[in-house]
Amino acid sequence: MSNSRKIISNIFSLSFAELLSKGIIFFANAILARTILPDGFGIIGMANSILVYLLLITNLGFNTLGSREISLNKSLIGKYVNNINTLRLMLSAVVFLVYLGMILLSDISAEVKSVYIIAALGLFSNAILVDWVFLGTERMGVLAVRQVLTSVLNFAGIYLLVRSRSDTVLAMSIFTGTTFINSVWLILLYIKEYGKFRFELDKAFIKQMLKSSFHIAYYIFFVTVLNTINIIIINIIAPTEQLGNYQAGIFSAASKVFVFSILPSAIVQQAFFPLLSRSQSDEERHKVLDKYSMLLFLIGPVITLTIFAFSPFVNNVIFGEKYLESASVMRFLMLASYFIYINTSLSVPLIAWKYEKYSTYSIIVGIIVNIAGNFLLIPIFGVDGSGMATMLAEISISIMLTIYIYKKLKRIYLSNLFKMTVYSVISCGLGYYLWYEGANAIISGSITILTFILINVLFKTVTINEIKGYRRT
């Protein structure tokens, strides 16, 4: 299959799966947020944030490394899987036992302890997760099935079993259980297609992996800090546990829309990553990066700015009146999301070309800005201050990444972004004006999207020749 067909096929598979699965889980979270109220939602948000940090210790950047390396040499699949999964299972056991002791000795409420411990059990499910194998071999159909299966199970569990605020522990159990089912199914499929998994600790091979994944692990660590530190700081600053859980719930609600808004960037990123990894010469990199960035900028600005304009309506429809404060937080996060599309267009190629350290340096700057912003702005603006800090962090990352890409390729890939932003502002401005004047929000939003499409058709943003250009990538 040609590169063009493979990319289009991968994007289609991932788009369908991501939109369907994330749409299902998005509605599941909306139901859950309304049912367990902001404080319960905040407890789960905090538990998931802690879990992400625990996973950093056990994953060590091996997912990205393994995916990148087997895309270049598929004969090493078994070697990577055996060593990575064995090491991660051992690390997961140690990390879980240490964490369990810390939680049991803490003075937090019994409900919060239960949620935190159940969430940590997800370490073992992630230790055996081999989705990175199917990503590296460009088996996007398998990943699509996996995503939809997990989301359906989560939605069914939340919809059928979670009935009140007292079911917060049960809700966390559902999320952890579906992750386990998903991991087992995927490892069984791996065994069927690639051979049995066996425990293996090749010290020389692991040492080589650790050396190669060093910068990747650092990068993932700092990205995780950037993405999760807000909820943790909100809880630290809050004078009481109850208020901290409530404010974390408000921010978590807005962040669910935030995550959904950057979903297309993840789809494009995964579809292009193997091809980016194989692009070695400057000429190849220019060609791939042109198409990669164009796709991101075609969809990013219009999505983020549309949600920004209609955030009160979006927030009310999804989460209800208990989450009114989330609307303003959402607007700041949408501006952050806009810059994430820029960052994705720049950081992923750097990682694919083994320049992870430059992405890491950029993230470190963003973390410093984010942490300082949270501590300075939350006392003044409340939860809105956390959204402001995220926005400022992503802007600083964009500046750093642009500088690094220019140093490596002597070009700045942002001209299409400016054009798409202008088109999006015109479209969103028209839709928002109609809504402000009393038109139905859904109709106004639809007019926004249609206007954006018409502008792009009129100015021939993507021509037939550009589409054919995929065949020459």
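## Basis

Residues are numbered from 1 along each chain as its sequence is written, and side-chain values use heavy atoms, without hydrogens and water. In this predicted model, local features need pLDDT of at least 70 and side-chain atom pairs pLDDT 80 or more, while totals for chains, interfaces and linings use all residues.

## Helix α1

L37 is found in helix α1, residues 3–59 (a helix is a DSSP run of H or I, at least four residues, numbered from the N terminus). Its phi is near 65°, a positive value in a residue other than glycine. L37 has a relative accessible area of 32%, so it is partly exposed (buried is under 20%, exposed over 50%, partly exposed in between, with a 1.4 Å probe and protein chains only).

T35 also has its place in helix α1. A polar atom of the T35 side chain lies 2.7 Å from the backbone oxygen of I31.

## Aromatic pairs

The structure holds 17 aromatic pairs (ring centres of Phe, Tyr or the six-membered ring of Trp within 6.5 Å; planes under 30 degrees apart are stacked, over 60 edge-to-face, the rest tilted). Among them, F319 and Y323 form a tilted pair, 5.7 Å centre to centre with 45° between the planes. Both F319 and Y323 are buried.

The planes of Y358 and Y361 stand at 85° with centres 6.2 Å apart, so this pair is edge-to-face. Both residues lie in helix α15, three residues apart. Y358 counts as buried because its relative accessibility is 16%, whereas Y361, at 38%, is partly exposed.

## Charges over rings

R331 lies over the face of F308, 5.3 Å from the ring centre (NZ of Lys or CZ of Arg within 6 Å of the centre and within 35 degrees of the ring normal). K408 lies over the face of Y355, at 4.5 Å from the ring centre.

How values were computed:
Helices (H or I, at least four residues) and strands (E, at least two) are DSSP runs, numbered from the N terminus. A polar contact is a pair of N or O atoms within 3.5 Å; within protein, one must be able to donate a hydrogen and the other to accept it, and residues adjacent in sequence count only if both atoms are side-chain atoms.
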